[in-house]
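Trainee: I'm new to this, so please pick a part and walk me through it slowly, spelling out the terms as you go.

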Amino acid sequence: MPNILLTQKCVRSCPYCFAQKHMDESPPEDMMTWENLIYIADLLETSGEKGVSLLGGEPFLHPYIVDFVLYLLERNLHVNIFTSGIMSDKMFREARKFLSNIEPDRLSFVCNVNNPEISPSSELERTRRFLKEFGRLTNLGFNIYKNDFEMDFLFQYINEFGLKRHIRIGLAHPIPGEKNVFIKKENLPQFAERFISYAPMFERFRVDPGFDCGIPLCLFSDEQLGKLYKINKGNLKFGCGPAIDIGPDMMVWSCFPLSRYQKKSLYEFDSLQDILQFYHENLHSKVRIEASGIFEKCDTCVHREDGICTGGCLAHNLTHFMNEAPIRFREVYIDE
């Protein structure tokens, strides 16, 4: 499911943000137009794609987001919106009027939340207002960028607002050439231990933790993997591949941590499959040849060879390459 950025503006400044540099370099008036949205919808239809994600920045800063959603639904696309739930009163009233009664098999939200202890009260109030109204359509998203994270509040939100019993677990990754907060790879085992300590709560509240891309399998012991297998009902993924982000200016790139690498115009491609193939072959595959994973042991890992794990987030590898002489494939050094 490709990602369409409706706007490059946001309402928060999260320390782990993958997109901060990208948004800072974009003009504030850079927003998705009707013309571009219709072109993208046509491309997705001819590609046989059945769903699309809308994000930003904060997508609800776009004045026409509700109209965009209704249009994409009419095009028979499932629409998934990544949001903080923080929006103006006017936008909230419009979203409630036109979107709240749409069925979950057509519209869904991922509400990315931070620990309430580090969130301003004004943001919390608006997020809670959103969750109360759109809870039946909403999964939570939680991005982990330090090892002393807390997740108790996530289960409280799910029970209080009747949210879907699934949490998207994201791990903050480095942005090559930039500074953002993330857990260094040598400290990732501590993340795994901390996360597994919440396994009893996932089981008790019957909540599935869904791993986003870039989390290596080897962080977890066989016993821990057994616990994850059960609480995820057998649905475990340890992958990293092109996500495909499309900006308001019709530029496309692999994913936000790699937004400085191999950025291309959408008009250079004839289908979504062409885009995926380009980024898989010209970036991901070539980087994996140079360094198969974020750890040295990835080179000889049978689980990586069997495709069970892809070796962690590619951004770690590219960060390492930036500090060495250009002796590898030319593509991994291109900064566009």
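Mentor: Let's start with a word we'll need: helices (H or I, at least four residues) and strands (E, at least two) are DSSP runs, numbered from the N terminus. Keep in mind that this is a predicted model, where local features need pLDDT of at least 70 and side-chain atom pairs count only at pLDDT 80 or more, while totals for chains, interfaces and linings use all residues. Residues are numbered from 1 along each chain as its sequence is written, and side-chain values use heavy atoms, with hydrogens and water left out.

Now find helix α2, residues 34-46, and look for Ile38 in it. Ile38 counts as partly exposed because its relative accessibility is 32%; the label buried means under 20% relative accessible area, exposed means over 50%, and partly exposed is in between (1.4 Å probe, protein chains only).

On a 1 Å grid over the protein atoms alone, a cavity is a set of points where a 1.4 Å probe fits but cannot get out; a pocket is an open set with protein on both sides within 12 Å along at least five of seven lines, and lining residues have an atom within 4 Å of a point. Grid points are joined across faces, edges and corners, and a volume is the space filled by probe spheres set on the points. By this rule there are three cavities of 30 Å³ or more.

The largest cavity holds about 60 Å³ of space. Among the residues lining it are Arg12, Ile86, Glu123 and Tyr157. Helix α5, residues 121-134, gives the most to that lining, with three residues. For classes, Ala, Val, Leu, Ile, Met, Phe, Trp, Tyr, Cys and Pro count as nonpolar, Asp, Glu, Lys and Arg as charged, and the others, Gly among them, as polar. On that basis, the largest cavity's lining has four nonpolar, three polar and two charged residues.

In the second largest cavity there is about 40 Å³ of space. Its lining includes Cys213, Cys240, Cys255 and Cys313, and by class it splits into seven nonpolar, one polar and no charged.

Finally, an open space: the second largest pocket has about 360 Å³. Of the 17 residues lining this pocket, Lys185, Ile294, His316, Asn317 and His320 lie nearest its centre.
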